[in-house]
Amino acid sequence: MDAVHGVESLAGGDGRHHVSRTLGTALLISVGYIDLGKWVAAVDAGARFGYDLVLLVLFFNFSAVLNQYLSTCIGMVTGKNLAEISSQEYSQFICVGLGLQAGMSLFTSELTMILGIAVGYNLVFDVDDFITSIIFACVVINVLPYLLSPRDKRMAGTLNACIAGFTILCFVLGLLISQPEIPLHVNVMFPKLSGESAYSLMALMGANIMSHNFYVHSSIVQVQRAHVHTLGALFHDHLFSILFTFTGVFLVNYVLLSSAAAESSHNVIHTFHDAVELMNEIFTSSMAPLVLLAVLLFSSHIIALTSVIASHVVTEHFFGANLSLVAHHVLLKLLSMIPAIYSAKVAGSEGVYQLIILCPVIQAFTLPSSVIPVFRIASSSWIMGNYRVSLRVEILASLAFCLTLFINIIFAAEILFGDSDWTNSLKGNTETPVLIPHTVLILMSCASIAFALFLAVTPLKSSSREAETQELSVHSQREAPDEIQRYSRNIQMKRAAERNVEVEADVCTDKDNRT
């Protein structure tokens with residue numbers, strides 16, 4: 001997998017332009033946020049709840065920016081990736097839990113990518129055979145990384161960054177061109193949180209924040225510590241690049257959500273064909289399906305590369321398994337094929353649609369516990385030294401964690417005790433196909449919340465050493481005045497003794513003179 005080494009070469013400064021070291025890596029990461037699952041989550045939420053969730057989408061986007069930025073800081077300062085530091089700072093039990101959640105996030109991302117290409121294939125060629133479409137998607141995403149990656153690492157890194165930028169630009173411009181009048185709703189009130197909107201909130205949160213990308217970003221940039229001596233300036237460059245790319249991601253989500261709200265007039269999407277009709281109303285151009293498939297194919301190439309990096313660092317540091325990059329690439333695709341073909345075989349297009357919506361929800365399960373190591377490590381003076389984040393950034397990170405945890409709790413409470421439409425759908429009380437048993441989702445949700453709370457009260461191993469160092473420093477400062485006083489008294493006593501000796505000597509001299 002020369003393309004993976006090309007990505008690392010790009011971050012290490014081997015790219016042809018200085019901006020490629022920061023903007024290039026941000027583009028590679030942000031491509032993972034524009035697959036079909038993210039678009040469908042935004043369209044479904046806009047159709048169901050209108051503009052009520054726009055402000056929360058902005059909060060989710062800001063949380064993603066913050067966590068990606070902190071991950072880059074950790075990688076550059078320490079020269080290690082997030083998984084490596086976490087394995088040193090937490091017990092084996094916690095590391096296994098973090099590894100499983102990162103693997104779940106990776107798995108659902110790959111699954112969404114395969115299903116997205118399959119849907120795009122069906123729309124372009126006007127077929128309704130999802131089995132063939134899924135096989136086509138699996139073949140394409142396995143071959144593309146080899147076709148689009150030259151052997152020269154520097155050229156491969158620059159080419160992949162250009163592909164990522166071209167993909168994002170094509171989709172953003174294509175979406176804006178296809179919307180002659182973009183709905184602009186300025187009277188955005190504080191979001192109305194309820195059990196009915198909990199499912200859409202989870203889908204939007206998982207679509208805007210992906211936990212495995214924290215490990216990817218910290219791993220890509222960790223080589224920059226050896227090349228740049230002034231990390232402060234590089235921090236600002238990375239922050240600007242992340243803000244720039246994620247602003248585009250938010251713009252896409254806002255346009256999709258607001259357009260769905262305007263087109264649907266708050267009518268609920270019940271079936272896959274309802275979603276397709278609504279997407280056709282949003283994408284007015286006849287070339288939209290073809291552009292959609294092209295964007296999905298190019299983005300699948302970038303997502304495949306970043307997924308290999310995430311899978312490698314997670315399995316190596318959390319599970320102690322050292323597989324080849326090719327093995328990571330093939331295994332992820334093969335494992336993702338199984339539920340994709342199963343959903344298409346059992347429930348057809350409706351099963352594929354429900355699985356596309358469910359994948360971001362599962363990714364949202366992993367977020368509360370995944371953001372804790374990020375801000376804990378970034379705020380540790382023992383690990384980060386003089387580059388630890390300020391108290392204000394630490395408070396913002398804590399608020400981001402509370403937001404993810406609170407939405408997970410609302411979802412768990414509704415799925416346990418609620419009677420909303422989506423809970424009845426998951427229980428099988430409607431005609432909607434049930435892909436994952438209701439009990440399994442309850443166990444996953446409760447286990448995620450319990451693990452996050454356990455991790456929240458578990459300090460880093462280095463925090464005890466940091467506390468001892470601070471205590472020793474305070475103790476030394478307290479002891480310093482006493483030592484100075486003792487030293488002064490000793491000097492005074494020594495001088496007094498010397499004066500006594502001199503006086504006695506003078507007395508003896510006087511006696512001798514008298515005699």
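**Figure 1. The accessible surface of the predicted chain.** The accessible surface of the chain comes to about 22,700 Å², and carbon and sulfur atoms account for 62% of that area. The model shown here and in the other views is a predicted one. Of the 515 residues in the chain, 54% count as buried.

**Figure 2. A nonpolar patch on the surface.** Five side chains are named in this view, and Phe-62, Leu-391, Ile-395, Leu-396 and Leu-399 form the nonpolar patch, with about 490 Å² of accessible area together. Helix α17, which runs over residues 391–417, gives the most to the patch, with four residues.

**Figure 3. Leu-396 in helix α17.** Leu-396 lies in helix α17 and is one of the residues that form the nonpolar patch. Because its relative accessibility is 36%, Leu-396 counts as partly exposed, a class that lies between buried, under 20%, and exposed, over 50%.

**Figure 4. The kink in helix α14.** Helix α14 covers residues 325–365 and has 41 residues, but its end C-alpha atoms are only 27 Å apart, whereas a straight helix would reach 60 Å at 1.5 Å a residue. A kink of about 135 degrees is present in α14, and Ala-347 is the residue on which the kink is centred.

How values were computed: Residues numbered from 1 in each chain as written. Predicted model: local features only at pLDDT ≥ 70, side-chain atom pairs only at ≥ 80, totals over all residues. Heavy atoms only, no water. Buried < 20%, exposed > 50% of the residue type's maximum accessible area, 1.4 Å probe, protein only. Areas by Shrake-Rupley, 256 points an atom, 1.4 Å probe, with all protein chains shown as cover. Patch = residues over 30% accessible without salt bridge, like charges linked within 9 Å, V, L, I, M, F, W, Y side chains within 5 Å. Salt bridge = Lys/Arg side-chain N within 4 Å of Asp/Glu carboxyl O. Helix = DSSP H or I, 4+ residues; strand = E, 2+ residues; numbered from the N terminus. Expected span 1.5 Å × (residues − 1). Bend = angle between axes of the 7 residues up to and from the residue.
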